[in-house]
Amino acid sequence: MKSIQYTGLNYREVKEFAGEKILAPYFCMGFSMLSLYTKDGFVTVNEGDCIIQDDDGEFSVKVSQ
């Protein structure tokens, strides 16, 4: 399992990690968000969330508290 945390400033590193599964950041109310394509469809990645790639290559998001 591998993971990377989205800080709002590290889009390039996140893009290298998730490739075509990640969409460019967008901004709402002063925060940066991404969309990540998972087996369940698109999910939102907020600043502070972790993107996880499991051993099968599937992606998911662990929401920060």
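Tutor: Let's start with a term: a residue is called buried when its relative accessible area is under 20%. Keep in mind that the model here is predicted.

Student: What share of the residues of the chain count as buried?

Tutor: Here 31% of the 65 residues do.

Student: What does the radius of gyration say about the chain?

Tutor: A compact globule with 65 residues would have a value near 11 Å, and the chain has 11 Å, so the two agree. The C-alpha trace spans about 35 × 25 × 20 Å along its principal axes.

Student: Which residues make up the largest nonpolar core?

Tutor: First the general idea: in soluble globular proteins, nonpolar side chains tend to be buried together. In this chain, the largest nonpolar core has 10 residues: Ile 4, Tyr 6, Val 14, Ala 18, Ile 22, Leu 34, Leu 36, Val 45, Ile 51 and Phe 59. Helix 1 (11-18) and strand 3 (31-38) are the elements that each give two or more of them.

Student: What is Val 14 in contact with, leaving aside its neighbours within four places in sequence?

Tutor: Val 14 is in contact with Ile 4, Tyr 6, Gly 19, Ile 22, Leu 34 and Ile 51.

Student: And how far apart are the mean positions of the positive and negative charges?

Tutor: For the 6 positive and 10 negative charges, those mean positions are 2 Å apart.

Conventions: Residues are numbered from 1 along each chain as its sequence is written. This is a predicted model: local features need pLDDT of at least 70, side-chain atom pairs count only at pLDDT 80 or more; totals for chains, interfaces and linings use all residues. Side-chain values use heavy atoms; hydrogens and water are left out. The radius of gyration is taken over C-alpha atoms; the globule rule is 2.2 Å times the number of residues to the power 0.38. Buried means under 20% relative accessible area, exposed over 50%, partly exposed in between (1.4 Å probe, protein chains only). Lys and Arg count as positive and Asp and Glu as negative; His and the chain ends are not counted. The place of a charge is taken as NZ of Lys, CZ of Arg, CG of Asp or CD of Glu. A nonpolar core is a set of buried Ala, Val, Leu, Ile, Met, Phe, Trp, Tyr and Cys residues joined through side-chain atoms within 4.5 Å. Helices (H or I, at least four residues) and strands (E, at least two) are DSSP runs, numbered from the N terminus. Contact means heavy atoms within 4.5 Å.
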